[in-house]
Amino acid sequence: MTTTNIIFLDIPTALPVPFSPNTWKVRLALNYKKLTYVTKWVETTSIASVCKSLGIPPTSTLPGGTPKYTLPALIDNTTSPPALLSDSTPIIEYLERTYPDPDSSRALCAPASRALHALFEYHVAHSITAQLLPVMVMHMHDKKTLQDRIHFRKRTEAAFGKKLEDLELRGKDREAHWKKIEDAFDLLATFMQAGGTAGELFTGSNLSLADCILGGLLLTFRYTSPDEAWIKISAWNDGKWIRYMSALEEWMAVV
């Protein structure tokens with residue numbers, strides 16, 4: 001284990017574990033690289049004020065020009081001056097540059113692979129993540145802290161102009177929507193099989209940025225919707241995703 005002085009900012013939930021796919025993406029990377037860190041838990045309503053107070057940069061700018069702050073974020077006090085970072089992929093790229101593994105085969109995202117990883121992230125974002133709200137909105141709401149539930153409801157209902165409960169698809173429409181998501185997982189399974197690697201992960205037995213992306217999303221399904229989403233996903237592709245999650249298990253510690 002590499003001794004580092006890292007503070008990792010994540011979002012608390014009503015569960016014993018977090019479930020943001022983007023914060024899990026970085027947590028998997030930190031654990032895989034065996035870096036020492038502590039977690040600072042920040043409720044959604046406090047993200048902007050906490051990030052500003054710590055000097056963490058915004059991840060983007062809203063249409064009106066207001067800075068937008070999101071998690072994950074990371075403060076690396078190992079370096080002087082400390083590194084202050086936001087946004088999951090830039091954080092992982094920083095960790096790779098700053099704490100490279102002596103074994104190059106264990107690289108999460110070698111520079112030559114970054115264009116492919118960006119393409120993969122785009123595919124997952126549009127074919128899976130963007131499809132979640134109509135079948136996951138109440139699952140996600142119910143697993144948030146009480147304070148974050150209020151904020152999530154207010155923000156989402158304002159954005160869509162309807163009650164959260166009315167955003168949920170039901171009956172045949174719900175099953176058809178799940179089929180679209182299943183088709184996206186079918187494509188991922190086909191790609192992974194074409195790779196011909198011995199292990200369950202994208203590059204065999206070593207973690208990659210693609211695994212951090214997909215693993216974080218699967219953890220969201222498993223923790224927020226164990227009684228629907230995870231049951232469905234577990235049955236897809238001959239149990240591929242159960243085996244995949246088992247391969248990630250050693251890097252799932254929450255500290």
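Reader: How much of the protein chain is buried?
Author: Of its 255 residues, 49% count as buried. Buried means under 20% relative accessible area, exposed means over 50%, and partly exposed is in between, with a 1.4 Å probe and protein chains only.

Reader: What kind of model is it, and how are residues numbered?
Author: The model is predicted: local features need pLDDT of at least 70, side-chain atom pairs count only at pLDDT 80 or more, and totals for chains, interfaces and linings use all residues. Residues are numbered from 1 along each chain as its sequence is written, and side-chain values use heavy atoms, leaving out hydrogens and water.

Reader: How many helices and strands are there?
Author: The protein chain has 11 helices and six strands. These are DSSP runs numbered from the N terminus: helices are H or I with at least four residues, strands are E with at least two.

Reader: What about the overall dimensions?
Author: The C-alpha trace spans about 55 × 45 × 35 Å along its principal axes. The radius of gyration of the protein chain is 18 Å, which agrees with the value near 18 Å for a compact globule of 255 residues. That radius is taken over C-alpha atoms, and the globule rule is 2.2 Å times the number of residues to the power 0.38.

Reader: On to the inside. Which residues touch the most other members of the largest nonpolar core?
Author: Phe 185, Leu 218, Phe 221 and Trp 241 do, in a core of 59 residues. Helix 9, residues 209-224, gives the most to this core, with 10 residues. A nonpolar core is a set of buried Ala, Val, Leu, Ile, Met, Phe, Trp, Tyr and Cys residues joined through side-chain atoms within 4.5 Å.

Reader: What does Phe 185 touch?
Author: Not counting residues up to four places away in sequence, Phe 185 touches Ile 128, Leu 214, Leu 218, Phe 221, Trp 236, Asn 237 and Trp 241. Contact means heavy atoms within 4.5 Å.

Reader: And the second core, which residues does it include?
Author: That separate core has 11 residues, including Ile 11, Ile 47, Val 50 and Ile 56.

Reader: Switching to helix 5. How many of its residues are buried?
Author: Eight of its 10 residues, so helix 5 (residues 133-142) is mostly covered. Among the buried ones are Pro 134, Val 135 and His 139.

Reader: Which residues does Arg 174 contact?
Author: Pro 134, Val 135 and His 139 are in contact with Arg 174, as are Glu 168, Leu 169 and Glu 228, leaving aside neighbours within four places in sequence. Arg 174 is found in helix 8, residues 171-195.

Reader: Is Arg 174 buried or exposed?
Author: Arg 174 counts as buried because its relative accessibility is 11%.

Reader: Why does Glu 121 count as partly exposed?
Author: Because its relative accessibility is 23%. Glu 121 lies in helix 4, residues 114-127. Leaving aside neighbours within four places in sequence, Glu 121 is in contact with Lys 25, Thr 89 and Ile 213.

Reader: Last one. Where is Ala 229?
Author: Ala 229 lies in helix 10, residues 229-235. Ala 229 counts as buried, at 0% relative accessibility. With neighbours within four places in sequence left aside, Ala 229 is in contact with Met 136, Trp 178 and Phe 221.
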